[in-house]
Amino acid sequence: MRTRTLTLSAAVGAALLAVATLPASASGTANPRSAQEGSVSASALLAKVTSCSQISSGKYKTDDETSATIPVCGKNGAVFWKADMDIDCDGQVTGKCSSDTDPWFQDDTAFHQSNGQALRADSLPYVVVPSTSSIWKYTSSGIKGGGVVAVIYNGKVEYAVVGDTGPTKIIGEASYATANALGIDPDPETGGADSGVTYILFKNSQVSPIESHSAAVSLGDSLAKQFLANN
């Protein structure tokens, strides 16, 4: 992930999103585009994160030019934040993610597939967490690479994994595939959502292999049900 200096445009809306659910493969090559994943609704999850018990020592910016207003909040079994969504296209070079399509492109991710390769941003839903700093150390909260994240936007739930780390002072970024599945413009240069995205990261969870989106959905749905029961 890279630090961005541009303000991303608002989401173009779900009308651009195909309604069909495409199958996900363990290789991470399928493009997940479901309108709703799992059995737990967005409204049920959002009802549990209406207030914030701040666990971060400070707050994060959503972009370089914004002020720091976003805390990391704690709940039983999870941490969460509410922010924007910048588009991460880092990892494997593809037709949609490369230095030709993304001015900030990097050919690696903090966490890797089971075969050692970088993650594939245009097919695998993943979320970026801020690198360790005095503001927050994600590993101290039970968050690890491959951990399950429920990403909620515009009434939809998409399950992703923790796949990359970013700047120490900025929060709110996810892969091309995550945005695409939620009906957010996934263009790494001009896409994204300016606000309205909730990220719920389940503590001590880990998808294996990390590139299996179907495994993330299965585990995520189970953890979401536990989250509702315990909060």
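My entries below cover the disulfides, a glycine, the core and some backbone angles.

**Ground rules.** I am working from a predicted model, where local features need pLDDT of at least 70 and side-chain atom pairs count only at pLDDT 80 or more, while totals for chains, interfaces and linings use all residues. Residues are numbered from 1 along each chain as its sequence is written, and side-chain values use heavy atoms, with hydrogens and water left out.

**Disulfides.** I searched the whole structure and found two disulfides (pairs of cysteine sulfur atoms within 2.5 Å). Their pattern is 1-2, 3-4, counting bonded cysteines along the chain.

I looked up Cys52 and Cys73, which are joined with an S to S distance of 2.0 Å. This pair ties together distant parts of the chain, 21 residues apart: Cys52 is in the loop between α1 and β1, and Cys73 is in strand β1. Helices (H or I, at least four residues) and strands (E, at least two) are DSSP runs, numbered from the N terminus. The link of Cys52 and Cys73 is left-handed, with -100° about the S-S bond.

Buried or exposed? I used under 20% relative accessible area for buried, over 50% for exposed and partly exposed in between, with a 1.4 Å probe and protein chains only. Cys52 is partly exposed at 40%, whereas Cys73 is buried at 3%.

Next I checked Cys89 and Cys97, joined with S to S 1.9 Å. Their S-S torsion is about -65°, so this disulfide is left-handed. Cys89 is buried at 0%, and Cys97 is buried at 0%.

**Gly74.** I found Gly74 in strand β1, residues 73-75. Gly74 counts as buried because its relative accessibility is 16%. Leaving aside neighbours within four places in sequence, Gly74 contacts Ser53 and Ile55 (contact means heavy atoms within 4.5 Å). The C-alpha atoms of Gly74 and Ser53 are 5.5 Å apart.

**Core.** I took a nonpolar core as buried Ala, Val, Leu, Ile, Met, Phe, Trp, Tyr and Cys residues joined through side-chain atoms within 4.5 Å. The largest one has 60 residues, and Trp81, Met85, Tyr199, Ile200 and Phe202 have the most contacts inside it. Strand β2 gives the most to this core, with seven residues.

**Backbone.** Most residues other than glycine have a negative phi, and most peptide bonds are trans. I noted Asn154, in the loop between β4 and β5, with phi near 55°. Asn154 is exposed at 54%. Asn204, in the loop between β7 and α3, also has phi near 55°. I also logged a cis peptide bond between Ser208 and Pro209, with omega about -5°.
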